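Please look over the structure shown here, and then read the notes that follow, which are grouped by topic.

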Amino acid sequence: MPEIVTAAMLVIGDEILSGRTKDKNIGHLADIMTAIGIDLKEVRIVPDEEDEIVAAVNAVRARYTYVFTTGGIGPTHDDITADSISKAFGVPCEYDAKAFAMLEASYAARGIEYTEARKRMARMPRGADLIDNPVSVAPGFRIGNVHVMAGVPSIFQAMLDNVVPTLKAGTKMLSATVHCPFGEGLIGGPLGDIQKAHPDTIIGSYPKYGDGKFWTELVVRARSQEALDAARADVEAMVAGFASSPG
């Protein structure tokens, strides 16, 4: 049987919900997860409120293979992700010795004061493992199946590159696209019947409009070539049937 590995993402930050910052990390994570055969099943955007973060983390970490969070691990007072994750796991949030030393050395090398605010970036749940940050040194961390990373896209992407080799990949989803010159209103019923007949596949219907006409792009997805081919054949036969119908 195909191995199904799942993931969820928590985007943490009032700035996302207010529109001040436009998220660029969801699409990147989705692309990477799809490429390595992990199903990104859920994305939540959570405010900078401890109880909300704790509730969200505990909900998704129990349900999915992996959880990825972005945002809230910087030096300011409203960066509360580390504290919230610690509370979710029921462990203290404390300075990690390795992270503390890395940051101290980095600031010293640049002649920058290692302030209390900057030291906050070395705080994480007791027992967490570091996620390397090759861009700005301040690490993310992993505890259980939860990977906690920065919200800045360039840093998030660099951290994710270091996380990916540690993940258990699933069976990759195969896909095939069938062009349909008809609108969803015509094909909706028969397409639903095809989906029921092929429960091991996912059939997506994406309406399009161009040159004054509606048409539909049909995408069949499956984890086995056999299942994909069987469903695609039925979809193609449906389209051909409508094309040859009078009127």
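Two strands are taken to pair if DSSP finds at least two bridges between them, where strands (E, at least two residues) and helices (H or I, at least four residues) are DSSP runs, numbered from the N terminus. This is a predicted model, in which local features need pLDDT of at least 70 and side-chain atom pairs count only at pLDDT 80 or more, while totals for chains, interfaces and linings use all residues. Residues are numbered from 1 along each chain as its sequence is written, and side-chain values use heavy atoms, with hydrogens and water left out.

- Three strands form an open sheet in the order 9-11-10, and their pairing is antiparallel.
- Strand 9 (174–180) and strand 10 (201–210) are the edge strands, each with a single partner, so one side of each has no neighbour in the sheet.
- Strand 9 pairs with strand 11 (residues 213–222) in the antiparallel sense over seven bridges, and Leu-174 has Ala-222 of strand 11 as its bridge partner.

**Helices on the sheet**
- Helix 8 (residues 184–197) lies across strand 9, strand 10 and strand 11, and runs at about 170° to strand 10; angles run from 0 to 180 degrees between N-to-C directions, with axes fitted to C-alpha atoms, for helices over the stretch in contact.
- Helix 9 (residues 225–244) also packs on the sheet, touching strand 9, strand 10 and strand 11, where contact means heavy atoms within 4.5 Å.

**Asp-229**
- Asp-229 is found in helix 9, and its C-alpha lies 43 Å from that of Pro-134, which is 95 residues away in sequence.
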